[in-house]
Amino acid sequence: MKILALFHTQDDGSLPKAALEVLTTAMAIKEQTGGTLAVGILGQGAANAAETVAGCGAESFLTVGSEAVAQARYATDTAAATALIRDSGAELVLAPGTARFARCLPGAAHRTGAQIDTHIVSVKAEGGQVQAQRWFYRQRILGTFSRAARPWIMLADAGVNMPWHGASGAASPKEVAVGFSDADLRTSVTGVRSPAADAQTIKPDAALLFVAGAGWTKKQKDGQFHIAEAGVLIQDFLIKAKSSLGSSKSLVDLQSEGQETLNFMTHMNQVGQTGSTPRHAKGLSACCHGEEPHAVGWRFINERRAINLDPNCGWAQGKADVVYVGDAFEIMAKVNALLS
Ligand SMILES: Cc1cc2nc3c(=O)[nH]c(=O)nc-3n(C[C@H](O)[C@H](O)[C@H](O)COP(=O)(O)OP(=O)(O)OC[C@H]3O[C@@H](n4cnc5c(N)ncnc54)[C@H](O)[C@@H]3O)c2cc1C
């Protein structure tokens, strides 16, 4: 089987961690099928990036490193990815599910007559047949499937494989010629607008997930709301613990209902059955009840802890490893002081 591990570089010319994770999978599939592996890289500094993974044992390295792909642009990325897939003659194309590839690889699949699947969490070859896995129905059903179509392109989810570590060296990459048309070059990326580092609350690579529940916005024991204070406590903790921020549905819903709540929280933070299913080593929930539709989003969090006033909250019914029964305002103020 001919396998292509397809990557793009980042602005600094390096490969994203998600690419190195895909490389681990691609090498395993090569082993399992007795196939051949090519590494294809597009983007600025592609040839140098190939050298950094030279020790992976790929038979060939293909690059498109021209000025046209220095910026992440649909038309040029699609043309470059199409050229790399065609040149490699790959039957199986494994690529990281980054924003850049999620945009352009469906177009490359169409041009190469390939079929494409997204959010792949596992690929294995048994008895010569390649089997992929992905979650369906909001991460509730894990499906295993195969396809007869070739090429078969898979965009892999980040965080499910160990990133490849190995020696760099001389990769002697082949620069694949791509005939970019004037129309391909018509769009120009003039800049990137992104929130400040501390405004970016969703951090998939953080070791800890902190999840805030609606309790932060409820009347507290003095009969008053303390929403501003809650915001300060939570943001202080996020910065000190370098933690990612999740939310219960109730808390983010309050916002859309126009009620005063935590202004740095959006539906993107929601964890659960109808929210996201993040993967972090540890999770800490505060002022959230631990209802089943919420806790289902915690299935890939290895160690779970919760703070709740209520000793009979959902977390105490077997959903958390440790429950601190106490006032989250007091506990988090103390935790922040200890972290200072
Ligand atoms: C089909 C369906 C899908 C759903 N999907 C999701 C989903 O994806 N994600 C999700 O989150 N929910 C989901 N829900 C809603 C879910 O069932 C819960 O209603 C919701 O998660 C509850 O949010 P909460 O725990 O923040 O709020 P509440 O249930 O109001 O709990 C607040 C908690 O805060 C505690 N508290 C208050 N003050 C303090 C304090 N000072 N210190 C410590 N604790 C305090 C209280 O004891 C209470 O337990 C779904 C529901 C349905 C029916």
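Here are some questions and answers about this predicted model.

User: Before we start, how are residues numbered, and what pLDDT do local features need?

Analyst: Happy to set that out: residues are numbered from 1 along each chain as its sequence is written. In this predicted model, totals for chains, interfaces and linings use all residues, side-chain atom pairs count only at pLDDT 80 or more, and local features need pLDDT of at least 70.

User: Which domains does the chain have, and how far apart are their C-alpha centres?

Analyst: The assignment gives domain 1 (2-175) and domain 2 (208-339); such bounds come from an automatic or database domain assignment. The C-alpha centres of domain 1 and domain 2 are separated by 37 Å.

User: Are α3 and α4 parallel, perpendicular or oblique to each other?

Analyst: Helices (H or I, at least four residues) and strands (E, at least two) are DSSP runs, numbered from the N terminus. Axes are lines fitted to C-alpha atoms, for helices over the stretch in contact, with angles from 0 to 180 degrees between N-to-C directions. The axes of α3 (residues 74-88) and α4 (residues 99-112) come within 8 Å and cross at roughly 55 degrees. Angles under 35 degrees count as roughly parallel, over 145 as roughly antiparallel, 65 to 115 as roughly perpendicular and the rest as oblique, so α3 and α4 are oblique.

User: How many nonpolar, polar and charged residues are in the contact of α5 with α8?

Analyst: Contact here means C-beta atoms, placed from the backbone, within 7 Å. Residues of α5 including Leu233 and Phe237 meet residues of α8, among them Phe329 and Met332. Ala, Val, Leu, Ile, Met, Phe, Trp, Tyr, Cys and Pro count as nonpolar, Asp, Glu, Lys and Arg as charged, and the others, Gly among them, as polar. By that scheme the contact of α5 with α8 has eight nonpolar, one polar and three charged residues.

User: Which helix gives the most to the shell around the ligand?

Analyst: Of the 30 residues around the ligand, Gly213, Gly215, Ser248, Lys249 and Gly272 come nearest. At least two shell residues come from each of α6 (249-256), α7 (292-295), β14 (303-308) and α8 (328-339). With three residues, the most is given by α6.

User: Where is the cis peptide bond, and what is its omega?

Analyst: Most peptide bonds are trans. Pro151 sits in the loop between β8 (141-145) and β9 (152-156). The cis bond joins Arg150 and Pro151, with omega about -5 degrees.

Notes: A residue is near a molecule or strand if its C-beta atom, placed from the backbone, lies within 6 Å of it. Two residues are in contact if their C-beta atoms, placed from the backbone, lie within 7 Å.
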